[in-house]
Amino acid sequence: VSGKTMRVFLVGMPLMLGGANSEAAHTALLWRRFGVEVTCLHFTKCHCGKPGEAPLDSNQWTDRLRAAGVDFVPIESGHLADVPGLAGSVLSSFCHQHTLHNWPEFASIGCKLIWSPCMTYTMSREEDAFRQVPASVIHFQSRFQAMELVAQYTAWGCREFRRITGAFEPLPFNPRPRLPGEPFVIGRLARPCRTKWSPLLWDIIARVARRACPVEVLCQGWSTELTMHCGEPPIGAECLPANTLTATEFLSRCHAMICPNWSVKENWPRIGLESMSVGVPLVVDDAGGWPEMAGEAGVLCNTTEDYADALVKLATDETRRQDAIHHGLDRLDEICNPSAVYGHWVDCWRSIRSSECP
């Protein structure tokens, strides 16, 4: 930016579970691809009293980010001014709680924060931080998220907003073929959080099973709490705990992916990007950020019967399913073009730098 190499500090070590973590890691990889210097700050001690972040050697992102040229610097509350190059720098944080706990201290040494909330709702700890010092920029991924949250962040004093669709490193394209007489495998992959899982899930599956060929279900992110929330899985449903399979391994077993949420609307769900990149058709909620992400590549649903109809059509018409797979690849090229996404980040950084000028 402005004729010299840009440097960004990413606050918070990306973890393996959760969309915000994946997007943080993929964004760091995108920046490095275009020559940006990226330093990942990971808290070893925070004054909030909660445990510091997991050791780097136990995190599967560490080697990949290091290989891309990302540096790692341990930090702790009360000593941020000691970190070389941090004063006056640009910070980026994807929904990372320790960033908020320490934002006043970051701000006291002149740091500028690009805050990526990643959710379609706000949290009390955001209000606590931004009423003291507003974030420099609030980064939204979807128009829906911006419409939901701009007023709230504005009330806390935030004035600069940017919409940049999430950076994404495509998974290997590996669609599962549909063999004659083979069961139709319906997948559902999400965090083990009730808001992500509709208690109507098994009703959808039962409707499909009554009308189509043999059906199998593969879920990941399942828990005892979800059994109480959604009901006992039907016979033959394979329900795995979180992180049992990688996203690539999971999706390679599916013929279609369904995403019926419960009480919270999605923003920019990573599972949608992952499904399209592998070659798994999407059957999703006609709500939140899903219409923006999937476009015509996904089947948008409002009711359990909508979900059942869409799945039956995919299960009984292989040509339709293959068309959906290739529409997904085209859509991914439209919304995740690396040069376009990076260009939006450059504009954001320039805006921050310009605001520093008298």
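## Exercises on a predicted model

Six strands make up an open sheet with parallel pairing, in the order β10-β9-β8-β11-β12-β13. The model is predicted, so local features require pLDDT of at least 70 and side-chain atom pairs count only at pLDDT 80 or more, while totals for chains, interfaces and linings use all residues. Residues are numbered from 1 along each chain as its sequence is written, and side-chain values use heavy atoms, without hydrogens and water.

**Exercise 1.** Determine which strands stand at the edges of the sheet.

*Solution.* Step 1: recall the terms. Strands (E, at least two residues) and helices (H or I, at least four) are DSSP runs numbered from the N terminus, and two strands pair if DSSP finds at least two bridges between them.

Step 1: find the strands with a single partner. These are β10 (238-240) and β13 (298-301), so one side of each has no neighbour in the sheet.

Step 2: Axes are lines fitted to C-alpha atoms, for helices over the stretch in contact, and angles run from 0 to 180 degrees between N-to-C directions.

**Exercise 2.** Describe the pairing of β8 with β9 and the helix that packs on the sheet.

*Solution.* Step 1: count the bridges. Strands β8 (residues 184-189) and β9 (residues 215-220) run parallel and are joined by six bridges.

Step 1: locate one facing pair. V185 has E216 of β9 opposite.

Step 2: place the helix. α6 (residues 201-211) packs on the sheet and touches β8, β9, β10 and β11 (256-259); contact means heavy atoms within 4.5 Å. The direction of α6 makes about 160° with that of β9.

**Exercise 3.** State which residues line the largest cavity.

*Solution.* On a 1 Å grid over the protein atoms alone, a cavity is a set of points where a 1.4 Å probe fits but cannot get out; lining residues have an atom within 4 Å of a point. Grid points are joined across faces, edges and corners, and the volume is the space filled by probe spheres set on the points.

Step 1: search the whole structure. One cavity of 30 Å³ or more is found, and the largest cavity has a volume of about 50 Å³.

Step 2: list the lining: M276, G279, V280, P281, L282, A297, A324, I325, G328 and L329. Helix α12 (residues 318-335) contributes the most to this lining, with four residues.

Note on methods. On a 1 Å grid over the protein atoms alone, a cavity is a set of points where a 1.4 Å probe fits but cannot get out, and a pocket is an open set with protein on both sides within 12 Å along at least five of seven lines; lining residues have an atom within 4 Å of a point.
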